[in-house]
Amino acid sequence: MTATTTAALRSAEQVVAPADGYASDALARLGDPHARLLAGPAEFGHEELGAHEVRLGALELPSSAGSRAAFVDLISAAGINGRGGGEFPLATKMRASIGAAGATGRPVVVVNGSESEPASRKDRVLLERRPHLVLDGALLVAAAVGAPQIVIYLHASSMTTHAAISRAISERPADEIARILVTTNDGGFVAGESSAVVSALSGGRAAPVRRTQPAAASGIHGRPTVVSNVETLAHVALAARFGASWYRSAGGTQTPGSTLLTLAGGLTEPGLVVEVTGAVDFATLLTTFGEFAGPPRAILLGGYGGRWVSGGAAWNVPIDRGLLRRAGVPLGCGLVAPLPASACGLEVTVRLLDYLADQSAGQCGSCLLGLPRLAAQLRDVVDGVATRGEVRRILELAQGVSGRGACAHPDGAVTLLESAFEVFRDDVRAHARGRHCSGRASGWFPLPGDMNLTDLS
Ligand SMILES: Cc1cc2nc3c(=O)[nH]c(=O)nc-3n(C[C@H](O)[C@H](O)[C@H](O)COP(=O)(O)O)c2cc1C
Ligand code: SF4
């Protein structure tokens with residue numbers, strides 16, 4: 001963490017007095033009555049259309065020009081921002097798409113269900129357990145921007161998800177079924193990045209492309225394309241039914257609406273998806289779902305290309321996307337992974353960095369060559385064979401890699417590395433003096449291939 005970030009996190013702690021306490025009932029699991037996205041049945045299997053409509057009411061799509069414009073205003077008033085990582089306002093994307101329609105073709109809506117973050121499960125849980133929320137959201141956005149087609153973009157390994165969403169689509173009216181296409185990609189970590197999604201759906205590789213225009217203006221075959229994360233669209237389904245004020249009545253002071261998190265690392269149920277519906281801090285989250293008597297040494301936030309923060313600095317900070325983003329610690333895909341007491345943060349980092357280096361789409365030199373070099377040099381640090389000069393040069397090399405790629409993949413990897421050097425400074429010194437750690441990290445920070453999280457549900 002940079003000095004500014006640390007200061008920002010500290011000031012967030014000061015703004016919100018921990019003495020007020022945070023309610024653990026602001027944390028919901030699947031089936032909890034006070035949940036929003038995760039409300040409904042807790043038992044295994046997807047919620048069928050009939051049950052979904054009994055619980056939430058039938059869907060009304062905006063059909064006139066006036067109701068379509070009013071719907072975009074509602075999304076704007078609700079303050080629905082993207083939940084795939086970038087937190088971009090959905091209404092802005094929709095307006096860009098509406099503005100570009102005609103000149104470049106009719107818009108398309110893409111449900112980004114790639115969920116390429118290895119430990120993240122929130123999108124899968126929604127697609128498998130609450131598929132009609134996601135379908136409703138996609139149909140609403142499509143109606144508002146005038147998109148005749150909806151594409152659901154999944155990873156090829158998500159067979160359970162594919163089966164669940166296909167079954168849910170088959171329950172919808174025939175005119176809706178005819179408009180929805182489910183497609184899969186067999187790409188890696190970067191296949192879910194929006195330009196990679198557009199490239200794959202235009203017949204190219206599922207790899208990022210340097211673009212001059214956003215997908216909302218010119219996406220699949222040049223058509224305006226609203227690429228939205230699964231969770232984002234599920235929020236739309238609720239805001240459309242209950243209105244902007246209701247939507248804003250949940251969430252933190254800086255972020256309207258509830259937030260889904262996937263838990264990993266040293267928590268009792270890694271892979272559990274939790275919904276934050278109100279004011280809650282990391283202390284409440286970690287003591288509710290883990291055996292923490294006090295702050296862990298560190299927490300990895302936002303994904304494997306996210307940021308390590310010191311557990312002590314984060315402990316009393318509210319889980320609020322907007323506030324965390326402003327503090328320089330974005331929640332990204334919603335991953336919260338405290339470092340287990342017996343794990344070495346540098347060992348975990350080098351394992352994740354190796355993975356991220358391997359996931360480069362191989363198109364930009366700084367990413368293709370820079371990430372493996374960074375991973376190898378960090379391995380030398382962990383193995384105690386790097387000189388002090390070499391340790392310093394890793395951070396210089398990292399600076400040269402960040403911001404140079406066609407997509408943000410290398411930036412995420414560099415953020416992971418730099419934040420590890422800040423939070424695990426003492427470990428860097430200890431490893432330089434010969435400390436050797438066992439390297440156990442796999443169960444806590446899963447990678448594709450070493451743990452079958454994908455089809456567990
Ligand atoms: C390397 C990389 C991988 C990404 N993978 C995903 C993904 O698997 N799913 C996703 O929804 N967004 C992913 N994103 C974010 C998308 O580029 C895009 O911002 C998002 O899908 C837009 O939806 P939203 O506005 O609803 O968040 C990724 C971004 C990057 C840089
Ligand atoms: S930065 Fe890396 S992942 Fe992104 S497009 Fe370039 S090579 Fe591919």
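**View 1. Ligand 1 and the residues around it.** The shell around ligand 1 takes at least three residues from domain 2 (37-248) and at least three from domain 3 (345-432); these domain bounds come from an automatic or database domain assignment. Please keep in mind that this is a predicted model, in which local features need pLDDT of at least 70 and side-chain atom pairs count only at pLDDT 80 or more, while totals for chains, interfaces and linings use all residues. Residues are numbered from 1 along each chain as its sequence is written, and chains are lettered from A and ligands numbered from 1 in the order in which they are written. Ligand 1 has 22 residues around it, with Gly82, Gly84, Gly192, Asn229 and Thr232 the closest; a residue is near a molecule if its C-beta atom, placed from the backbone, lies within 6 Å of it. Strand β5 gives the largest share of this shell, three residues. Helices (H or I, at least four residues) and strands (E, at least two) are DSSP runs, numbered from the N terminus. Sorted by class, the shell around ligand 1 holds 13 polar, six nonpolar and three charged residues. In this sorting, Ala, Val, Leu, Ile, Met, Phe, Trp, Tyr, Cys and Pro count as nonpolar, Asp, Glu, Lys and Arg as charged, and the others, Gly among them, as polar.

**View 2. Ligand 2 and its shell.** Here 15 residues surround ligand 2, and the closest are Ala361, Cys364, Cys367, Gly405 and Cys407. Two helices, α15 (365-382) and α17 (409-423), each provide at least two residues of this shell. Its residues comprise 10 nonpolar and five polar, with no charged ones. Domain 2 and domain 3 each contribute at least three residues to the shell around ligand 2.

**View 3. The parallel sheet.** Four strands make up an open sheet with parallel pairing, in the order β4-β3-β2-β5; two strands pair if DSSP finds at least two bridges between them. Look next at β3 (residues 149-155), which pairs with β4 in the parallel sense over six bridges. Isoleucine 152 stands opposite valine 182 in β4.

View 4. Strand β8 (residues 298-301) runs antiparallel to β9, joined by four bridges. For alanine 298, the bridge partner in β9 is serine 310.

**View 5. Where domain 1 meets domain 2.** The protein divides into domain 1 (3-17 + 250-338), domain 2 (37-248) and domain 3 (345-432). Contacts link 19 residues of domain 1 with 18 residues of domain 2, counted where C-beta atoms, placed from the backbone, lie within 7 Å. On the domain 1 side, β6 (259-263), β7 (273-276), α13 (321-326) and β10 (335-338) each supply at least two residues. That side of domain 1 has nine nonpolar, seven polar and three charged residues.

Methods
Two residues are in contact if their C-beta atoms, placed from the backbone, lie within 7 Å.
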